[in-house]
Amino acid sequence: MKMLRFEIKKVFSKSRNKIALLVLVLLLIATSILTMSRVEYIDTDGNRTSGITAARELRSEKDEWAGYLTEDVLAEVAAENERINQSQGVQSADTEQEDRAYAQKQGMSDIINLINSAFSEWRDYNYYAIDNISAEEAGTVYEKRIDALKDYLDSGEETFTEAQREFLVQRYENLQTPFYYEYMDGWSALLQNISTFLLMLALVIGFLVSGIFSEEFQTKADSIFFSAKLGRNQAVWSKIGAGFLITTVFYLVFVLLYTGIVLFALGFDGADCPIQLDLWRSSYNITFLQGYLLIVCGGYIGTLLAATVSMLVSAALRSTTVAVIVPFIILCAFPFLSRIITLPQICAFFPDQLLEVYIGIKEFGLAELCGKVMSTVTVIIPVYAVVCLVLLPALYFVYHKAETR
């Protein structure tokens, strides 16, 4: 235990790592502010606000529509939208008047978006779709969603096997309806921005652990380290343990801080709402809270993978500089490679996708093995978790067998 504490203390005794921590704190603050600013509110005079004040006002108005979105509720929203459209403000070309008119719709804006999504083209979003349908038609959004998927699968725009087609249709049909709805802007903003924060967090953590194994060679202390009684066994495991603890603790602490700041400011409401309220065509039948946990889990495995490979390179090549670059290659270079390789089936399994779970939930990423169809996200997380477990003893072996120079 003392050796483990000593290794962790060495990491944070370095000036460059202290600076990295300061940068991480600044990134936390900046990202939290940007995320909170995603929530906007327009008052009856057409004035715009964002952040905490906007969230408070929006929650008050949107919760007037809280409950299950039945056919009657959807029809009522369509009728209310039509009533507002008849006002002079909507018909006016004046921007201020339009804002005032939009302010009247804010309380039901999420439900309007839901209806617009149902009556839009598959790869398009029609902001005015609700204006061109009757109140009765608005009540058919759930059936419309399933019909739209079947039409899309029959269009030939994408190539799916029969098993994959059945999988998607079954997922759509199994989605519980009517949706439960309440103010959910806090969770919506959090999920839309969290991938960016997780990427920055993973890169900083990779930087922190990159020198754990190489520093003994760079300081010329390797001969003393390996000749010590516990130098080639317990001391090596202490370094691995230090890297694992730093990765895990810093990831959890900063993710919880980011989550807490955003939700405390914007509201915790809406955790149990279906994610289709935000990602209409998603085939994942999960709530916002479940989607958040899936994203955080994927981000942790991605961060652990980048950190472990960084430490492995550090141990093998004895270079902190090269080890620092590894997380950038794993998490940043692969997205550019996916633009060159025109095989989405392969790109969907690149390690950078672990930090893009939100996109994975949004898209139709599928994997088929022995006739069994699975969502890509549910495949890459356990697969790379196993890879991380395999790399740990490999890291021990590489450093254990290192020769002094």
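**Reading salt bridges and helices**

Lys62, Asp110 and Asp185 are joined in a network of salt bridges. The dialogue below concerns a predicted model.

Colleague: Which residue forms a salt bridge with Glu80, and where do the two lie?

Modeller: The partner of Glu80 is Arg83, and their closest N and O atoms are 2.7 Å apart. Both belong to helix 4, and because they are three residues apart, about one helical turn separates them. Glu80 is partly exposed at 26% relative accessibility, and Arg83 is partly exposed with a relative accessible area of 47%.

Colleague: Which parts of the chain does the pair of Asp269 and Arg59 link?

Modeller: Asp269 and Arg59 form a salt bridge whose closest N and O atoms are 3.4 Å apart. This pair links distant parts of the chain: Asp269 lies in the loop between helix 14 (234-266) and helix 15 (288-317), while Arg59 lies in helix 3 (residues 52-62), 210 residues apart. Asp269 is partly exposed, at 23% relative accessibility, and Arg59 is partly exposed, with a relative accessible area of 23%.

Colleague: How should one read the span of helix 4?

Modeller: One compares an expected span with the distance between the end C-alpha atoms. Helix 4 (residues 71-85) has 15 residues, so at 1.5 Å a residue it should span 21 Å, and its end C-alpha atoms are 21 Å apart, which agrees. Its buried residues include Val73, Leu74, Val77 and Asn81.

Colleague: What does the same reading give for helix 9, and which of its residues are buried?

Modeller: The 15 residues of helix 9 (residues 141-155) should span 21 Å at 1.5 Å a residue; the end C-alpha atoms are 20 Å apart, which agrees. Its buried residues are Val141, Tyr142, Arg145, Ile146, Ala148, Leu149, Tyr152 and Leu153. They cover an arc of only 155 degrees around the axis, so they lie on the same side of helix 9.

Colleague: What covers that buried side, and which exposed residues does the face turned away from it carry?

Modeller: The cover over the buried residues of helix 9 includes helix 4, helix 7 (109-118), helix 8 (135-138) and helix 10 (162-174). The face turned away carries the exposed residues Asp151 and Asp154. After helix 9 comes Gly156, with a positive phi near 85 degrees.

Conventions. Residues are numbered from 1 along each chain as its sequence is written. This is a predicted model: local features need pLDDT of at least 70, side-chain atom pairs count only at pLDDT 80 or more; totals for chains, interfaces and linings use all residues. Side-chain values use heavy atoms; hydrogens and water are left out. Helices (H or I, at least four residues) and strands (E, at least two) are DSSP runs, numbered from the N terminus. The expected span of a helix is 1.5 Å times one less than its number of residues. Buried means under 20% relative accessible area, exposed over 50%, partly exposed in between (1.4 Å probe, protein chains only). The arc is that of the directions from the helix axis to the C-beta atoms. Contact means heavy atoms within 4.5 Å. A salt bridge is a side-chain nitrogen of Lys or Arg within 4 Å of a carboxyl oxygen of Asp or Glu.
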